Amino acid sequence: MFYRESGQLKSSYIADQAMFPIAQDRWFVIGVLAVAFLVAPFFINEYWANAILLPFLVYALAALGLNILTGYCGQVSLGTGAFMAVGAYASFKLVGFFPELNFLIVLALSGVVTAAVGMIFGLPSLRIKGFYLAVATLAAQFFLVWMFNKVGWFYDYNLTGMITVRPIDFFGIRITGPEATPAAKYLFTLTVVAVLALSAKNIVRGRIGREWMAIRDMDIAAELIGIRPLQAKLSAFAVSSFYVGVAGALYFAVYLGSVEPVEAFDINQSFYVLFIIIIGGLGSVLGAFLGAAFIVLVPILLKNIMVGGMGFDSGMAGHVEILLMGLLIIFFLIVEPHGLARLWQIAKEKLRLWPFPH
Amino acid sequence: MAFDIFLLEVIISGLMTGVMYALVALGFVLIFKASGIFNFAQGVMALFAALALYDFLAEDGWFFAVFGFTLPVWLAIPATGLIMVVLAWVIERTVLRFMVKQNEIILFMATIGLAFVLEGLGDILFGSDVKPLDIGIPQGASDWLLDNFNLYIEQLEIFAAGTAAVLVVVLAIFFQRTRIGRALRAVADDHQAALSVGVSLDKIWVIVWSVSGIVALVAGIMWGSKSGVQFSLSLIALKALPVLILGGFTSVPGAIVGGLIIGVGEKLAEVYIGPMVGGAIENWFAYMLALAFLLFRPQGLFGERIIERV
Amino acid sequence: MTDEQTNETLLEVDAISLSFGGVHALVDVSFDIRKGEVRSIIGPNGAGKSSMLNVINGFYHPQEGTITYQGQARKQMRPHDAAAGGIARTFQNIALFKGMSTLDNIMTGRNTHMSKSLFWQALRIGPAQREEIENREFVEHVIDFLEIQSIRKTPVGRLPYGLQKRVELGRALAAEPTLLLLDEPMAGMNLEEKEDMSRFILETNDEFGTTIALIEHDMGVVMDISDRVVVLDYGRKIAEGTPEEVRANQDVIDAYLGVSHD
């Protein structure tokens, strides 16, 4: 009754190819963005920003990047953590070299650097597929983290081996470090993530997105109808790494403020992002957000229930959390390999027919 | 002369480590051959087996708490083997049978989930502290080699190499000569065809996961005796991945040779290149070696070249 | 059989030999395809028909021989060069992109006609938007032509076999091919579907002047719609000519052992 597309007739291809062709979807997205931009900043505090909203946005962006590579182009990567590190260290060095440079440009350049590194590690994808490629990305994971840990130039030779963000102003408003307000950090991150998410949506439904999906679904046929596999795969690696790199830069500069490579960007980080796209939905922009929300919120919920409600000590709660994450992954892969995004879609289809089930 | 002895020690120690890698890789190959599943949980299975074995042997374990006595080693090892078989059966019942038609990447990711389940379960049941595992394998350097050849080599490593060699021979016989082994190979070649001649897929899967669970137990014993039972043991599994790339995912001899190459290459690199670049390169050297190798021979040392068709 | 048919050669394969390890898939095969004709390649199973198509569009690289396409001779094709040069094809076992809709599948066929950069596509304004619309219009013509309007937005994985074959033809047609390679387009179809497919093939040939190379097992269809036929057996060419000539050829009759006169 409320969610209908009947009567919404399209009279031009532009209208039919709009990002959200159904009016209700369009209004829903506009509504969410309006709340996120206009309402949330007035209620945000330290806890909400640091425990929920910033990690949600940053992980959603990283997951979006990995989803482009894995969900859309079918190339599995276990190196997401390391590519986030590349973005983080690139932003650190760039701010060091050019303190006056606008932080948006720093972010973009960090993304470009990560894209370049991603393409180098993506080169083997032309010859190797599936698990073999996953192992190749593990090479990136271990090598890059080792490099950031061992090569002093990357952390300016300081004794702790950590990198700490400098205070950065964005058009006069402090967005990094302890002096930045939660609202400023949140709004800046939200803007970047929203713009990149809409761009991703555009890319995946255009020529390049179709090329990626063609490679994913049947690489040989794709090649024989004139898609260049190397170009398609490398562009997926580049765009994916760009997103992951920007996410890494935000993770370091805005969210955490200082990081140590071995802990912040280890292989568990890679798995974490992979889980987000499995739970959220492979090959779905919306899925990256649903998955990130799920994987950020569920541990908080579990901790509150187990430590607060049932009196577990936090070590045990950590173990149970790992166990439950594993069970959830298996559950989703068995019951709904397309993740929360598909459940959402099914719900909408039901709603479309409601109240007449057939 | 002293230099040559040192080089020899490095190579032999690399070979011994390589045997250990090969042990884990073997578990991967078995499952991959029979089910096309790349079992990421293999390393955690080794950890889980070692934890269970420790539990039977130690006085701070569940077994002692419940029954009031501990098992002798000769009984504890088969008991743990039994646990691995039960585990294989549970995995088949709760996970694998629902995923028969999924594509391989989805299956792979499911085993990552499985790895997390086993890790969480192991921590909850047995605690996450480092546990010493002592089942009477001789420790320390071999005096005989030290006296006669001036070589410093751990007895444990020699023992591990011997065990691995025996295991490989047993597995080879199992695959080539027994009825179940032939069925396994049939399934590996073609699921549909094997089903149509009456090979039962779920039974095969339980068997093959059991076998690789027992291989994991052996690997868990060796690694656990060497450096204690702890979470890092499951990371050894990740080291087995470059081994598989070198050896090919479906080749038992490939897993052995690949393990040896990685073991030796890694040790040599750590000793001779490591100091130049700040050390700890064994974290990634194996992967880079495998990656370089992949570019020239994508199907691995012993893998077959695939002719693609449309 | 189009009006535009001339004796001009579009493609010529000359003394092609292809082997895998010790297996000879094609041995010294030569024939030509003229502009505007429907050229069928027939032969028993394993005769090397699909391998021949794979050689023509660059998926297999023959060890010997030359391929001359549009006057340009080369040792072997590259898949992308073939596609960009106007060679499109369908596959024996349907090779659609299962995760995508009918529309998106056919749009991938327009790939070689689209060029706007990633940057414009991300913004999807100006040139990228225009390019998308223009190609969408062309694809809609193909959809109308094949009468598949109603399944436009259906994921192809959910379509019945016959429709999938039709979508695959659509994807090939969307490329506006000069030479269309069809690998058993009617395998597994019922009579009605076969008639539809024959009609689409002939109309494509008639209306757009597209040259067609066809592999097909149904001899009735082959005899009806082909201009010339080439017969392969065990990787060798054993006969060639008009349908009538081939039908009368003793070698062909022997190769088929009576299958030819159904």
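Two strands pair if DSSP finds at least two bridges between them. Helices (H or I, at least four residues) and strands (E, at least two) are DSSP runs, numbered from the N terminus.

This is a predicted model, in which local features need pLDDT of at least 70, side-chain atom pairs count only at pLDDT 80 or more, and totals for chains, interfaces and linings use all residues. Residues are numbered from 1 along each chain as its sequence is written, while chains are lettered from A and ligands numbered from 1 in the order in which they are written.

**Stop 1: strand β3 of chain C**

Select residues 38–42 of chain C, which form β3. Is this strand enclosed or open? 5 of its 5 residues are buried, so β3(C) is largely enclosed by the rest of the structure. (A residue is buried if 20 or more other C-beta atoms lie within 10 Å of its own, exposed if 12 or fewer, and partly exposed in between; C-beta atoms are placed from the backbone.) Show the side chains. Val38(C), Ser40(C) and Ile42(C) point one way, and Arg39(C) and Ile41(C) point the other way.

Look for Val38(C) and its bridge partner in β8(C), Ile212(C).

**Stop 2: the open sheet of chain C**

Next, find the open sheet of 4 strands with the order β2-β1-β4-β5 and antiparallel pairing. Which strands sit at its edges? They are β2 (23–34) and β5 (72–74) of chain C, each pairing on one side only. Neighbouring strands of this sheet are turned by 15° against each other on average, direction ignored. (Axes are lines fitted to C-alpha atoms, for helices over the stretch in contact, and angles run from 0 to 180 degrees between N-to-C directions.)

Zoom in on β1 (residues 9–20) and β4 (residues 64–69) of chain C, which run antiparallel and are joined by 5 bridges. Glu12(C) has Thr68(C) in β4(C) as its bridge partner.

**Stop 3: two domains in chain C**

Colour chain C by domain: domain 1 is 9–86 + 177–261 and domain 2 is 98–164. The bounds come from an automatic or database domain assignment. The C-alpha centres of the two domains of chain C lie 28 Å apart. In chain C, 6 residues of domain 1 are in contact with 4 residues of domain 2. (Contact means that the C-beta atoms of two residues, placed from the backbone, lie within 7 Å.) On the domain 1 side, α2 (79–84) and α7 (191–208) of chain C give two or more residues.

**Stop 4: where chain A meets chain B**

Show chains A and B together. The contact takes 33 residues from chain A and 39 residues from chain B. On the chain A side, select α14(A), which supplies the largest share, 12 residues. Elements that each supply at least two residues include α6 (130–150) and α12 (267–280) of chain A.

**Stop 5: chain B alone**

Hide the rest. Chain B has 14 helices and 0 strands. Its C-alpha trace spans about 65 × 60 × 35 Å along its principal axes. Of the 310 residues of chain B, 47% count as buried.
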